[in-house]
Amino acid sequence: MKRMILVLLSSVLLVGAASSLLADEEKASAKKPSTKQATEKDSSPSAAKKTAKSVAKTEKSSGGRLPPFFASLVDAEQREKIYEAQEKYRDKIAALRKQIEALEAQQMSEMEAVLTASQRKELQSLREANEPAKEESGKSKKAAAKKKSEKSE
């Protein structure tokens with residue numbers, strides 16, 4: 001049941017995303033002059049700095065991050081469109097994640113209901129014993145991410 005719901009949610013999300021992105025790209029290309037056109041008008045070094053700053057500022061303000069391997073492939077205009085797409089779907093994806101979490105909690109509750117009282121106690125003990133390992137894993141992941149961000153700067 002869970003797998004079927006996840007497949008359906010994924011399908012709806014992908015189909016909606018693809019059609020919306022196509023529609024947005026058509027609207028955006030009809031309305032806005034491209035960043036390349038704006039840059040061609042003013043090709044001074046200060047214009048290049050402004051463009052780079054605006055891209056960095058947009059990334060920070062929108063909270064967007066490029067997907068893996070995109071950074072070396074896309075130009076400033078494409079970055080902007082990617083950030084817009086991320087912003088557009090952020091709330092929808094968050095809502096779906098909450099639904100999935102609720103379904104997973106409901107599923108876990110039903111699975112735990114199958115267990116006997118002694119099995120539930122043992123399950124609780126196993127979970128509590130695993131807590132320190134989870135905390136250590138989280139700390140090591142954070143440390144690795146911090147090292148990676150320091151290297152990229």
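1. A salt bridge here is a side-chain nitrogen of Lys or Arg within 4 Å of a carboxyl oxygen of Asp or Glu. On that definition, a search of the whole structure, which is a predicted model, finds three salt bridges.

2. One of these joins Glu77 to Lys81, with 3.8 Å between the closest N and O atoms, and the pair counts because that distance falls within the 4 Å limit. Glu77 and Lys81 are four residues apart in helix α4 (residues 76-114), so about one helical turn separates them. Glu77 has a relative accessibility of 22% and is partly exposed, and Lys81, with a relative accessible area of 28%, is partly exposed as well.

3. Glu87 pairs with Arg90, and here the closest N and O atoms lie 2.3 Å apart. Both residues belong to helix α4, where a spacing of three residues places them about one turn of the helix apart. Glu87 is partly exposed at 41% relative accessibility, and Arg90 is likewise partly exposed, at 32%.

4. The salt bridge between Arg127 and Glu112 has its closest N and O atoms 2.7 Å apart. Arg127 lies in helix α5 (residues 117-152) whereas Glu112 lies in helix α4, so this pair ties together parts that are 15 residues apart in sequence. Arg127 is partly exposed, with a relative accessible area of 34%, and Glu112, at 22% relative accessibility, also counts as partly exposed.

Methods: Residues are numbered from 1 along each chain as its sequence is written. This is a predicted model: local features need pLDDT of at least 70, side-chain atom pairs count only at pLDDT 80 or more; totals for chains, interfaces and linings use all residues. Side-chain values use heavy atoms; hydrogens and water are left out. Helices (H or I, at least four residues) and strands (E, at least two) are DSSP runs, numbered from the N terminus. Buried means under 20% relative accessible area, exposed over 50%, partly exposed in between (1.4 Å probe, protein chains only).
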